[in-house]
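Take a look at the protein model below. Keep it in view as you read.

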Amino acid sequence: MKIRLLFLFMLISGLAIGQSKPEESTETLPKAQTFESKHTVVIDGKTTNLNAKAGTFELKDENNKPIALFGFTAYFKENPEKNRPIVFAYNGGPGSSSYWLHMGIMGPKRIVVDDPNYNPAAPYELTNNEFSILDIADVVMMDPVGTGLSIPIGDATGKDFWGVDQDIRSVSLFIMQFLKAHDRLNSPKYILGESYGTFRNAGVMSYLLDRGYALNGVIMVSSVFDLRTLFFVPTEDISYIAYLPTMAATARYHGKAYNKESDLETFVQEVREFTENEYAPALFKGNKLSESDESSLAQKLQTYTGIEAAIWKRAGLKMDAGEFFQELLREEEMTVGRLDSRYKGINLDPMSMRAFTDPQSDAISPAYTMGFLDYFHGALGVSKELNYSTSAYSKEGFKWDWSHRGNQYWGTDGAVTTLPDMADAMSKDPNVKVLIMNGYYDLATVFYGVEHSISHLGLPKSASDRIIMTYYEAGHMMYTDLPSAKLFREDVKKFIEDTLRK
């Protein structure tokens, strides 16, 4: 009997030990790391002292379970005034880190580039950023998961973050948790996104509002809200229509379009009117357009774009962006930039129908990348053991999920858009304002496409009047052009100050 009891005790003990093993062997999650440093920035002749934090923040899901180490760099003013605004900023991609905005316009330092020309190799110059808004607001630069230092942890994987809705959720969770962790829940709050970051913005402003986080303002830099305005489909007219005014502005800049004494703004308005009153109706007719009307329209397109009428006729009056990059300066064996069409570069194959590279990206990327990494591991003091990813495109399994629940608001999945999210937020919050900043020479996210989206938002005038549009004689990253950078600061500063007035 004693032997049986001893055996039973050993068996139960063994089971207990066996059951405890998974808990003991649970893999320890990587820990968030933050590196602190002090900085100054001189703006309008006044010095602002800053405390910076750079590194990672442990992001948790709705059930308080860690899901990511979220990378960021935050600049806080020393001895701040009460209720100092805080701005959360990010780039787009999707899959891009925030170092473009960080080094171009938002941080205390900026990269010096020879705009709109190519830059020589290192050394690159960092200088005081007199165009920053750090004198009036704290700034948090965010790197979505897969970019910067941001990685999934625990049971989470990349696909939990790499998609329209997944991205909106994780970015919003970071903002909410960061505000709480740094005692900023009652601060005036802003989000600033560039490119796909504006597409994200529209979703984030709705997501946050539904959880009680009302924003004071939303800043959109080089926007896109409806992807139909960017993707060229033979049976769709909208993208060809949206791109024409920017193509014309580009042709004018390079001396290919007719050029009266009028300024750029007046010229662009003339092209808008031609597009709305003649070009769009002609495309809508399709093959019902008469031959004489087609010839007349092709001749006008040549006048505005500098590309021969015969080429426009051969293309069926439709030319996509890639064809335009290649065609405009083909005779010079040059191609123009996508991100900023003021830039031009060598055309490796003048016989090709499409450009192979983007001169603006080629011209500034090395300066931004090397300049930022040197600053990140130097002035910000981030450990060199940590590798900063400028993009997520090389990450294993990176694939974007373009499905979006917001599309169901309009009863269709045919158009990938976050316009319903923006309309939802602006209808629920009659105080929130939106600033949309457009580059005339941006052939990545064209200003006329943005104007089309906003005019079809479906909001009453009382709501649409809260959307402010500004324009710059530069491209997608308008802040590489110093006069535009100055205007950028002035417009954002005024916007923030206006939203704070009761």
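This is a predicted model: local features need pLDDT of at least 70, side-chain atom pairs count only at pLDDT 80 or more; totals for chains, interfaces and linings use all residues.

Residues are numbered from 1 along each chain as its sequence is written, and side-chain values use heavy atoms, with hydrogens and water left out.

Start with helix α4, residues 196–210. Helices (H or I, at least four residues) and strands (E, at least two) are DSSP runs, numbered from the N terminus. Helix α4 has 15 residues and spans 22 Å from first C-alpha to last. That is close to the 21 Å expected at 1.5 Å a residue. The expected span is 1.5 Å times one less than the number of residues. Is α4 mostly covered or mostly open? It is mostly covered, with 14 of its 15 residues buried. Buried means under 20% relative accessible area, exposed means over 50%, and partly exposed lies in between (1.4 Å probe, protein chains only). Just after α4, Gly-212 has a positive phi of about 90°.

Now find the partner of α4. The axes of α4 and helix α11 (residues 419–428) come within 7 Å and cross at roughly 40°. Axes are lines fitted to C-alpha atoms, for helices over the stretch in contact, and angles run from 0 to 180 degrees between N-to-C directions. The two helices are therefore oblique to each other. Angles under 35 degrees count as roughly parallel, over 145 as roughly antiparallel, 65 to 115 as roughly perpendicular, and the rest as oblique. The crossing of α4 and α11 is left-handed. Left-handed means that the near helix is turned anticlockwise from the far one by less than a right angle; right-handed means clockwise. Residues in the contact (heavy atoms within 4.5 Å) include Ala-202, Met-205 and Leu-209 of α4 and Met-422, Ala-425 and Lys-428 of α11. By class, this contact has 6 nonpolar, 2 polar and 4 charged residues. Ala, Val, Leu, Ile, Met, Phe, Trp, Tyr, Cys and Pro count as nonpolar, Asp, Glu, Lys and Arg as charged, and the others, Gly among them, as polar. An α-helix has 3.6 residues a turn, so residues three or four places apart point the same way.

A second pair is α6 (residues 264–285) and α12 (residues 447–455). Their axes come within 12 Å and cross at roughly 60°. That makes α6 oblique to α12. The crossing of α6 and α12 is right-handed. Val-268, Arg-272, Thr-275 and Glu-276 of α6 meet Phe-447, Tyr-448 and Glu-451 of α12. The contact of α6 with α12 has 3 nonpolar, 1 polar and 3 charged residues.

Next, go to Met-142 in strand β7 (residues 138–143). Met-142 is buried, at 0% relative accessible area. Beyond its neighbours within four places in sequence, its contacts include Phe-70, Phe-88, Tyr-90, Val-171 and Phe-174.

Finally, follow the loops. Between β5 (109–111) and β6 (126–128) sits Pro-116. The peptide bond from Asp-115 to Pro-116 is cis, with omega near 0°. Pro-123 is in the loop between β5 and β6 too. The bond from Ala-122 to Pro-123 is cis, with omega near 10°. Asp-183 is not a glycine, yet has a positive phi of about 55°. At 72% relative accessibility, Asp-183 is exposed. Glu-333 also has a positive phi, near 55°. Glu-333 is partly exposed, at 47%.
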